[in-house]
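Look at the sequence and the model below before reading on.

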Amino acid sequence: RMQLLKARLPEWVQDWLDVIIPGLQIVLVLLAAWALQRLLRRIVRRASEHYQMPQHLLAPLNRLIRTLIYVGVLLLVLERVGVSATVLWTAFTGFATVGAVAFFAAWSVLSNLFCALLIAMARPFRIGDYIEVLDTAEKPGAKGRVVDINLLYTTLEDHTAAAGHTAWLQIPNALIFQRVVRRFQGSPPPAESPAESPAPTASAQAGGPISPPATLPASAAPAP
C-alpha cells in the first residue's frame, strides 16, 4: 500500500520522501513530548496544591520530569535519523552504569531529597510546630520549633538554649524518618522538670513524728 501511494505522488515528492517522512515523525515526537510535559506539570501542580507541598520542592521535581522527557525524545529522534538500536542501547547502558555509581556515591544527599518530598506529602509536622527528635521514646533529644524545611535539612529553633541566646538545630531529613518524633502541636513543649528533692526518711515515709536532733549532755560538751 505504501508503494502504491508513493507511485501516485509526483516524482519530485518521491525523491524527498526519505527526508519528509522522518522529519514528520520527529515533529510528531516533539509535539507529543511538549504535550506530555505540560500534562505532567499540571498534574504535579494540582498534587502540590492538594498536599500543600512547599514551592521549593516543585522546581527540582519539574526539572526531573523535563530531563526524563528530553532523554526519551533524544533517543527517539536518533532512532528516526538512522542511528542503530545497538548503538543506542550501548550508550544507554553506559550512561545507566555511570548514573548508578553516582547514585550510590550521593546516596546520603538523595535520601535527604526523597525524605523532604515525603515530609511535604505525609506532613508529620509543619512549620511552627514544636517537635522533639528522640533516639528512643525514653531518652531526651533535640527539641525546638520548626522554622524551615528545605531539600536537605529540617531547621529547629533550639528550645533548650539559654535565655537571650538563639540557637538553631539543622537535622538531616533522612534522620527524621530514622528517629522517634514527638510533636507538640500548637503549644511549646513542657518545661524541664525540676531536680528531684532528697528522699524522705523512713519515719517520714511511715507517717510517724519526726524526732528533733539529739543534744549533747553538759558533761559531754567540749571544754572552752
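With which residue does Glu-132 form a salt bridge? The partner is Arg-182, and the closest N and O atoms of the two are 3.2 Å apart. A salt bridge here is a side-chain nitrogen of Lys or Arg within 4 Å of a carboxyl oxygen of Asp or Glu. Because Glu-132 lies in strand 1 and Arg-182 in strand 5, the pair ties together parts that are 50 residues apart in sequence. Glu-132 is buried at 3% relative accessibility, whereas Arg-182 is partly exposed, with a relative accessible area of 34%. In these terms, buried means under 20% relative accessible area, exposed means over 50%, and partly exposed lies in between, with a 1.4 Å probe and protein chains only.

Two points on how to read these values come next. This is a predicted model, in which local features need pLDDT of at least 70 and side-chain atom pairs count only at pLDDT 80 or more, while totals for chains, interfaces and linings use all residues. Residues are numbered from 1 along each chain as its sequence is written, and side-chain values use heavy atoms, with hydrogens and water left out.

By the salt-bridge rule, the count comes to 4. Another one of them joins Asp-129 to Arg-183, with the closest N and O atoms 3.1 Å apart. This pair links distant parts of the chain: Asp-129 is in the loop between helix 5 and strand 1, Arg-183 is in strand 5, and 54 residues separate them. Asp-129 is buried, with a relative accessible area of 7%, while Arg-183 counts as partly exposed at 34% relative accessibility.

A further salt bridge is formed by Arg-145 and Glu-157, whose closest N and O atoms are 2.7 Å apart. Here too distant parts of the chain are linked, with Arg-145 in strand 2 and Glu-157 in strand 3 (residues 153-158), 12 residues apart. Arg-145 is partly exposed, with a relative accessible area of 28%. Glu-157 is also partly exposed, with a relative accessible area of 24%.

Now take the strands themselves. Strands (E, at least two residues) and helices (H or I, at least four) are DSSP runs, numbered from the N terminus. In what order do the 5 strands form their open sheet? The order is 4-3-2-1-5, and the pairing is antiparallel. Strand 4 (168-172) and strand 5 are the edge strands, each pairing on one side only. From one strand to the next, the twist averages 40°. For such angles, axes are lines fitted to C-alpha atoms, for helices over the stretch in contact, and the angles run from 0 to 180 degrees between N-to-C directions.

Strand 1 (residues 130-134) is mostly covered, with 4 of its 5 residues buried. Two strands pair if DSSP finds at least two bridges between them. Strand 1 and strand 2 (residues 142-149) run antiparallel and are joined by 4 bridges. In strand 2, Lys-143 is the bridge partner of Glu-132. Strand 1 is also joined to strand 5 (residues 180-184), by 5 bridges, and these two run antiparallel. Opposite Ile-131 stands Arg-183 in strand 5.

Helix 5 covers residues 107-122. Its 16 residues reach 22 Å from the first C-alpha to the last, close to the 22 Å expected at 1.5 Å a residue; the expected span is 1.5 Å times one less than the number of residues. The buried residues in helix 5 include Ser-111, Cys-115 and Ile-119. After helix 5 comes Arg-123, whose phi is positive, near 55°.

Finally, consider the whole chain. It has 7 helices and 5 strands, and from the N terminus on its elements run α-α-α-α-α-β-β-β-β-α-β-α. Of its 224 residues, 19% count as buried. A contact means heavy atoms within 4.5 Å. Among contacts in the chain between residues at least 6 apart in sequence, 52% join residues at least 24 apart. The chain exposes about 16,600 Å², and carbon and sulfur atoms supply 65% of it. Such areas come from the Shrake-Rupley method with a 1.4 Å probe; for residues, only the protein chains shown count as cover.
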